[in-house]
Amino acid sequence: MEGLKVSDANLVVYVHPSKSNKVPQAVLRELSSLLFRFNESFDGVVLAYDVQIQDKIAKILPGFHPYFGVKLKAKLLLFAPKPNMLLVGKLVKLTERSIHVIVLGFSSAIITGEDIREDFNHKIKHGDELFASRSQKRHVIKVGTVIRFLVKSFDEERLHVSGSLLPANTGSIRWLARHSEDFSVSDRSTRKRSESEQELVGGEIYSLNNDHQIKKSKKHRIRE
């Protein structure tokens, strides 16, 4: 699926001295504040991280409540859908005028009637609503179907996707897989690389600058 990437980041996490004997746990607590939120600096929603502590010696900041500055090197798994990318999600609700989908278990998507191609005909079968292709009788979309759809837009604040089933290479993943010769789609996982500098105190981001990259990593761990 498109829309996933990994950002290679250099971070500085500031930890309160009271947590000096539990630095790894404190670092994870600060990083967890980034999860499932859109981060403008990384240009994506942080889904997971793999972190390695770079320096055993922490820098203490001057002030009434000094903090330890802990340098980290991290890989951040990001969800960053862009227009014309292809996403995959599970259909959770269907009406004559709309299709509602969940992507990666947390991001909602809607496909309205104007973005459902005319080949799909709305039907009610055994009390259940579905869309069935007029030209491909076995191409059926209903609640529970995993579908591929095109991204029209992404609301970064609500983590909501507006999608489309107009292209011929969208629809039921199972049906498309069986007819891959007719609909040859390469899942373009655009891989970009990013280097970032980020500082956090109590879960708040204070400074950062970045590039971009793509890879896959689903573990939340710290390596010393």
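**Entry 1: a charged pair**

Which residue forms a salt bridge with Asp-115? I looked it up in this model, which is predicted, and found Lys-152, with the closest N and O atoms 3.0 Å apart. Asp-115 lies in the loop between E8 and strand E9 (120-125), and Lys-152 lies in strand E12, so this pair ties together parts that are 37 residues apart in sequence. Lys-152 counts as partly exposed, at 38%.

I searched the whole structure and got four salt bridges. One of them joins Asp-8 and Lys-75, whose closest N and O atoms are 2.7 Å apart. Here Asp-8 sits in strand E1 and Lys-75 in strand E5, so I noted a link between distant parts of the chain, 67 residues apart. Asp-8 counts as buried because its relative accessibility is 9%, under the 20% cut-off. Lys-75, with a relative accessible area of 28%, is partly exposed.

Next I looked at Lys-82, which forms a salt bridge with Asp-43; their closest N and O atoms are 2.9 Å apart. Both partners are in loops: Lys-82 between E5 and E6, Asp-43 between strand E2 (38-39) and E3. The two tied parts are 39 residues apart in sequence. Lys-82 is partly exposed, with a relative accessible area of 31%.

**Entry 2: rings around Phe-79**

On to the aromatic residues. I counted four aromatic pairs in the structure. Phe-79 and Phe-106 make an edge-to-face pair, 5.7 Å centre to centre and with 80° between the planes. I placed Phe-79 in strand E5 (residues 68-79) and Phe-106 in the loop between strand E7 (98-103) and strand E8 (107-112), 27 residues apart. Buried or partly exposed, I wondered, is Phe-106? It counts as partly exposed, at 24% relative accessibility, whereas Phe-79 has 0% and counts as buried.

Phe-79 also pairs edge-to-face with Phe-154, at 5.8 Å centre to centre and 80° between the planes. This pair reaches from strand E5 to strand E12 (residues 146-155), across 75 residues. Phe-79 and Phe-154 are both buried.

**Entry 3: the nonpolar cores**

Which residues have the most contacts inside the largest nonpolar core? I listed Phe-79, Ile-99, Ile-141, Ile-147 and Phe-149, in a core of 27 residues. Several strands give two or more residues to this core, including E1 (4-15), E3 (44-53) and E6 (86-94). E12 gives the most, with four residues. I also looked at what Phe-79 touches, leaving out residues up to four places away in sequence: among its contacts are Met-1, Leu-4, Val-45, Leu-87, Val-103 and Ser-107. Apart from this core I noted another one of 19 residues, with Leu-11, Val-13, Val-27 and Val-51 among them.

**Entry 4: strand E13 and its neighbours**

Last, I turned to strand E13 (residues 160-164), which is mostly covered, with four of its five residues buried. How many bridges pair E12 with E13? I found five, in the antiparallel sense. In this pairing Val-151 stands opposite Gly-163. E12 and E13 form a hairpin with four residues between them, and Leu-159 in the turn has a positive phi of about 55°. E13 also pairs with E8, here in the parallel sense over three bridges. There I wrote down Val-161 as the bridge partner of Ala-109.

Key:
Residues are numbered from 1 along each chain as its sequence is written. This is a predicted model: local features need pLDDT of at least 70, side-chain atom pairs count only at pLDDT 80 or more; totals for chains, interfaces and linings use all residues. Side-chain values use heavy atoms; hydrogens and water are left out. Rings of Phe, Tyr and Trp (its six-membered ring) pair if their centres lie within 6.5 Å; planes under 30 degrees apart count as stacked, over 60 as edge-to-face and the rest as tilted. Buried means under 20% relative accessible area, exposed over 50%, partly exposed in between (1.4 Å probe, protein chains only). Two strands pair if DSSP finds at least two bridges between them. A nonpolar core is a set of buried Ala, Val, Leu, Ile, Met, Phe, Trp, Tyr and Cys residues joined through side-chain atoms within 4.5 Å. Contact means heavy atoms within 4.5 Å. A salt bridge is a side-chain nitrogen of Lys or Arg within 4 Å of a carboxyl oxygen of Asp or Glu.
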